[in-house]
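Try each task before reading its solution.

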Amino acid sequence: MLRQQRGCSMNLRLESRAVGEVFVIQCHGRITTGAEVLHLHAFVGDSIAKHGDVVLQFDQVEFIDSSGLGALMRMVQAARAKKGDLKLCGVSPKIIKMLEMTHLLPQFEIYDSVEEAITAAYLGSRYSPGKAGDARPRVLCVYDSSDVRAFLREILCAAGYNPLTTANIDDAKILLRATKANKVLISSRLQSFYGRPTRKALEEVDPNISVAVLDENFASQDPGEAAEKLLQTLSA
C-alpha cells in the first residue's frame, strides 16, 4: 500500500512502498534546511532501520540546499554502516550538476529508473552486497492488503521459504527480474494487468514461472486452514 507523509507547511512530500526487501520513497518538492530536512531524516532513518536498502526517487525533487545534501550524505553513511545502501534514481540534470560541483557525485549510487535501483540492491553493486546469500526457495507474493502480505511472509518463512511481497504487478515484474523467484502467489483481484491476464505478463519476464491464484476469500478464511492450503499449493 502506498503510504503518504504530509507536512502542514512543508515543501516536501514523501510517498513510500515496500518492493520485496527494498523500501522505495518518492520525494516531491524541495529538500531544504528546517522542517523538510528533519522530516526526511526521520522518515528515511526509520526506513533504513527496518529495511536496510532504500531507494529515493528524485524525479519530482525541485531543489536541494547544502543542509539537504548534508542530510543525504549522513543517510547514505548510516545505511552502509548497516550493510545496506541509500540509492537515488530519476535525478535531474540540475541536481547531478550540483553533485559534480561539490565533488560528491561518486559518493552516491544513482540510477535512471527505480527498476534499475531495486535490481542493483538485489543483484549487487558497488555498495550493495546483493541478496543472493539466502538459499531458501523464493516465493513472490502479490497482494493488495498489507495485513495479508504480513500473514503470507510469516507463514512462508516458518515453512522454510524466502518470501518477497509487494502490492502490485508492476513491482512484481521488477522483483521477478531481480530475484529469479520461480513461484508467484497472486491475489484473485490481481488476475488482470492493463487489460491482459497477469499470468501472461509474468510469463513474459520468465516463461517458466509457476503462478498460483489465492482464493477469493483468502483474507477471511480460518488462518490455519488458509495456511495449510497455501503450503499444499506451493508443494504441488
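**Exercise 1.** Find which residues of α4 and α6 meet, and sort the contact by class.

*Solution.* This is a predicted model, and contact here is taken as heavy atoms within 4.5 Å.
- Step 1: on the α4 side, pick out E115, I118, T119, Y122 and L123.
- Step 2: their partners in α6 are I174, L175, R177, A178 and T179.
- Step 3: sorted by class, this contact of α4 with α6 holds 6 nonpolar, 2 polar and 2 charged residues.

**Exercise 2.** Describe the geometry with which α4 packs on α6.

*Solution.* Two numbers are needed to begin with: a pair of packed helices is described by the angle between the axes and the distance between them.
- Step 1: locate helix α4 at residues 114–123 and helix α6 at residues 169–179.
- Step 2: the angle between them is about 35°, and their axes lie 9 Å apart.

**Exercise 3.** Decide whether the radius of gyration of the protein agrees with that of a compact globule.

*Solution.* 
- Step 1: for 236 residues, a compact globule would have a radius of gyration near 18 Å.
- Step 2: the protein has 19 Å, which agrees with that expectation.
- Step 3: for the extents, the C-alpha atoms fill a box of roughly 55 × 35 × 35 Å along the principal axes.

**Exercise 4.** Summarise the fold in counts and percentages.

*Solution.* 
- Step 1: count 8 helices and 12 strands.
- Step 2: with buried meaning under 20% relative accessible area, 47% of the 236 residues qualify.
- Step 3: take contacts between residues at least 6 apart in sequence; 66% of these join residues at least 24 apart.

Technical notes:
Residues numbered from 1 in each chain as written. Predicted model: local features only at pLDDT ≥ 70, side-chain atom pairs only at ≥ 80, totals over all residues. Heavy atoms only, no water. Axes fitted to C-alpha atoms, helices over the stretch in contact; angles between N-to-C directions. Helix = DSSP H or I, 4+ residues; strand = E, 2+ residues; numbered from the N terminus. Nonpolar A, V, L, I, M, F, W, Y, C, P; charged D, E, K, R; others polar. Rg over C-alpha atoms; globule rule 2.2 N^0.38 Å. Buried < 20%, exposed > 50% of the residue type's maximum accessible area, 1.4 Å probe, protein only.
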